[in-house]
Amino acid sequence: DQMGTPFALWEDDPAGFVEVALGETIWEAQRRIAVSLRDNERTMVPSSHSCGKTHLVARLVAWWVMVHPPGTSQVITTGLSWDHVRGQLWPHIRYVHERYRLPGVCLQTEWQIDDRFVATGKSPAPQNEAAFSGIHDPYVLAVVDEAGAFPSNLGMSLESVMSSGHPRLLAI
């Protein structure tokens, strides 16, 4: 109650958030990703296709938004193309938002709570070196899907979000 969110209990336990608050089961590799995201500024996840990465990332986005006090966090998601951002990760985020009746409104690639963006999907042009500038909330999570093919100059732009108080980068 003091934190302003009923999910603050899981601030240090993303796997617990998924398993207890959402009532889902995750497997050991997903648990390691969740723990790494909690403990490290940068988490890089090499993996194969269809092993539950996108499923987990949507739940970790919800964890990040829900455990931090309102108005203190923001999630930026990005990927190889607009079609990828809109058609791969965000349907999972919208599903989690709707299924668990999380607060706010979740649109095609934007989640808003009280008229404030708490999560956004972006796919900037590769030459846009300032694409991720200006995001300075105390708790910022940047998620890069298909990071192996992500343009390096956009990766450099993501470094600007890593200057917040408690930043995290999750590259899949």
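**Notebook: a walk through a predicted model**

I started with Thr109, which sits in the loop between strand 3 (105-106) and strand 4 (110-113). A reminder to myself: this is a predicted model.

Is Thr109 buried or exposed? I looked up its relative accessible area and found 7%. Buried means under 20%, so Thr109 counts as buried. Next I asked which residues Thr109 is in contact with, leaving aside its neighbours within four places in sequence. My list reads Trp82, Val85, Arg86, Trp90, Ala119, Thr120 and Gly121.

**Helix 1**

I moved on to helix 1, residues 14-21. Which of its residues are buried? I noted Pro14, Ala15, Gly16, Phe17 and Val18. I then checked what covers these buried residues, and the cover includes helix 2 (28-39) and helix 3 (53-67). After helix 1 comes Gly23, and I wrote down that its phi is positive, near 75 degrees.

**Helix 1 against helix 2**

Two packed helices are described by the angle between their axes and the distance between the axes, so I looked up both. For helix 1 and helix 2 I found an angle of about 130 degrees, with the axes 7 Å apart. Angles over 145 count as roughly antiparallel and 65 to 115 as roughly perpendicular, so I put this pair down as oblique.

Which residues meet here? From helix 1 I have Pro14, Ala15 and Glu19, and from helix 2 Arg31, Ala34, Val35 and Arg38. Sorted by class, the residues of this contact are four nonpolar, no polar and three charged. Pro14 and Ala15 were already on my buried list for helix 1.

While in helix 2, I also looked at Ser36, which lies in that helix. Its relative accessibility is 19%, so Ser36 counts as buried. I then asked how far its C-alpha atom is from that of Leu170.

**The largest pocket**

Rolling a probe the size of a water molecule over the atoms shows where empty space is left. How much space lies in the largest pocket? I noted about 210 Å³. The lining has 16 residues, and Val65, His68, Pro69, Pro70 and Ile113 lie nearest the centre. By class I have nine nonpolar, five polar and two charged residues in the lining.

Note on methods: Residues numbered from 1 in each chain as written. Predicted model: local features only at pLDDT ≥ 70, side-chain atom pairs only at ≥ 80, totals over all residues. Heavy atoms only, no water. Buried < 20%, exposed > 50% of the residue type's maximum accessible area, 1.4 Å probe, protein only. Helix = DSSP H or I, 4+ residues; strand = E, 2+ residues; numbered from the N terminus. Contact = heavy atoms within 4.5 Å. Axes fitted to C-alpha atoms, helices over the stretch in contact; angles between N-to-C directions. Parallel < 35°, antiparallel > 145°, perpendicular 65-115°, else oblique. Nonpolar A, V, L, I, M, F, W, Y, C, P; charged D, E, K, R; others polar. 1 Å grid on protein atoms, 1.4 Å probe; cavity = no way out; pocket = protein on both sides within 12 Å on 5 of 7 lines; lining within 4 Å. Points joined across faces, edges and corners; volume = space filled by probe spheres on them.
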